[in-house]
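Welcome! Here are some exercises to work through with the sequence and the structure side by side. Try each task yourself before you read the solution.

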Amino acid sequence: METRRLGNSDMDISRVGLGAWAIGGSWRWGWGEQDDKESIAAIRRAAELGVNWIDTAAVYGLGHSESVIGAALKEMPQKPYIFTKCGLRWKETDNDAREAYSILKAKSVREEAENSLKRLGVDYIDLYQIHWPNPKTEIEEAWAEMAKLREEGKVRFIGVSNHTVAQMEKLNAIAPVTSLQPPYNLLNRNAESALLPFCKEHNIGVIVYSPMGSGLLTGKMTPDRIKSLPDDDWRKQDFNCTEPQLSRNLKLVETIKVIADKRGVPAAQIAIAWTLKHPAVTAAIVGMRSGRQADETALAADLVLSDDETAQLESIKLN
């Protein structure tokens, strides 16, 4: 599988990485219940296919995603790079709430890092990221503490998720930003205007999330399927999965499926490959909940769309 250097790091990462949001299971912003055995099978299969990094966050499943990854790592002779995030915490004594709150105080960032290291069962985190720039007044304090964690060897590189250009400029003055994690897919191209050009100019790696539009661009999400999602699946209330936007989005999905059929690949691979075509994008985070899903999506890393195929996809009007 093709790899690319991630920003100013020394890591050559596969163009597709395993996204571990869904394997956190049921919580306020989860994807419904998940079988941990299936999650571990997905991690193993992705590694067999050449995926060499996993992206997670402490808050996914309120610690559960990291714990599952930790269990999988114990059985893997060759460990993938581990990327995780801080800034969203929950009350340990109130498991029923399934809620999280934002905090980026230095003490909290350090506590989160220590907790993540324990759950993951690793000596260091390869890429530690601020999940969301909230509270905005605390991002510089958090960044300074993350730089200290790097100096201490507890994390190797530091990056951000969902940050603006102005915020990255502020943080770069304290310590180099290795990577940005923005949402980017055929339904959401906002990153193209400022974020992607800035990152390319400043050697900041870009690992995009939601390349399949949270499953909507896989060709498997119909109105009936969305209605049948469990109540604890956040997508049920998402703008892109509700009318009238859903019908517009499904017209794009039909075009994806036509191209996929001609290529003889799953539609999901077309959606992922489109994001990888942008020169500023280092890699894409792809959610994998089973070995089967790993087989369906991981090989998008080596799929290159033609200019004609790209033009077809980008010609569909979504509003």
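**Exercise 1.** Find which residues Gln167 is in contact with, leaving aside its neighbours within four places in sequence.

*Solution.* Start with the contacts: Gln167 meets Pro133, Lys136 and Ile139, once neighbours within four places in sequence are left aside. Contact here means heavy atoms within 4.5 Å. Helices (H or I, at least four residues) and strands (E, at least two) are DSSP runs, numbered from the N terminus. Finally, Gln167 counts as buried because its relative accessibility is 11%. The cut-offs are under 20% relative accessible area for buried, over 50% for exposed and in between for partly exposed (1.4 Å probe, protein chains only).

A word on the source: this is a predicted model, in which local features need pLDDT of at least 70 and side-chain atom pairs count only at pLDDT 80 or more, while totals for chains, interfaces and linings use all residues. Residues are numbered from 1 along each chain as its sequence is written, and side-chain values use heavy atoms, with hydrogens and water left out.

**Exercise 2.** Decide whether Ser179 is buried or exposed, and list what Ser179 touches.

*Solution.* First, locate Ser179 in strand S10 (residues 179–181). Then check its accessibility: at 0% relative accessibility, Ser179 counts as buried. Not counting residues up to four places away in sequence, Ser179 touches Leu6, Leu127, Gln129, Ile158, Gly159, Val160, Ile204 and Gly205.

**Exercise 3.** Describe how helix H1 and helix H2 pack.

*Solution.* H1 covers residues 36–48 and H2 residues 64–73; their axes are 10 Å apart, at an angle of about 60°. That makes H1 oblique to H2, since angles under 35 degrees count as roughly parallel, over 145 as roughly antiparallel, 65 to 115 as roughly perpendicular and the rest as oblique. Now look at the contact: Asp36, Ser39, Ile40 and Ile43 come from H1, and His64, Val68, Ile69, Ala71 and Ala72 from H2. By type, these residues are six nonpolar, two polar and one charged. In this grouping, Ala, Val, Leu, Ile, Met, Phe, Trp, Tyr, Cys and Pro count as nonpolar, Asp, Glu, Lys and Arg as charged, and the others, Gly among them, as polar.

**Exercise 4.** Work out which residues of H8 and H11 meet.

*Solution.* The axes of H8 (residues 245–263) and H11 (residues 307–314) come within 9 Å and cross at roughly 160°. The two helices are therefore roughly antiparallel to each other. Leu252, Thr255, Ile256, Ile259 and Arg263 of H8 meet Glu309, Gln312 and Leu313 of H11. This contact divides into four nonpolar, two polar and two charged residues.

Note on methods
Axes are lines fitted to C-alpha atoms, for helices over the stretch in contact, and angles run from 0 to 180 degrees between N-to-C directions.
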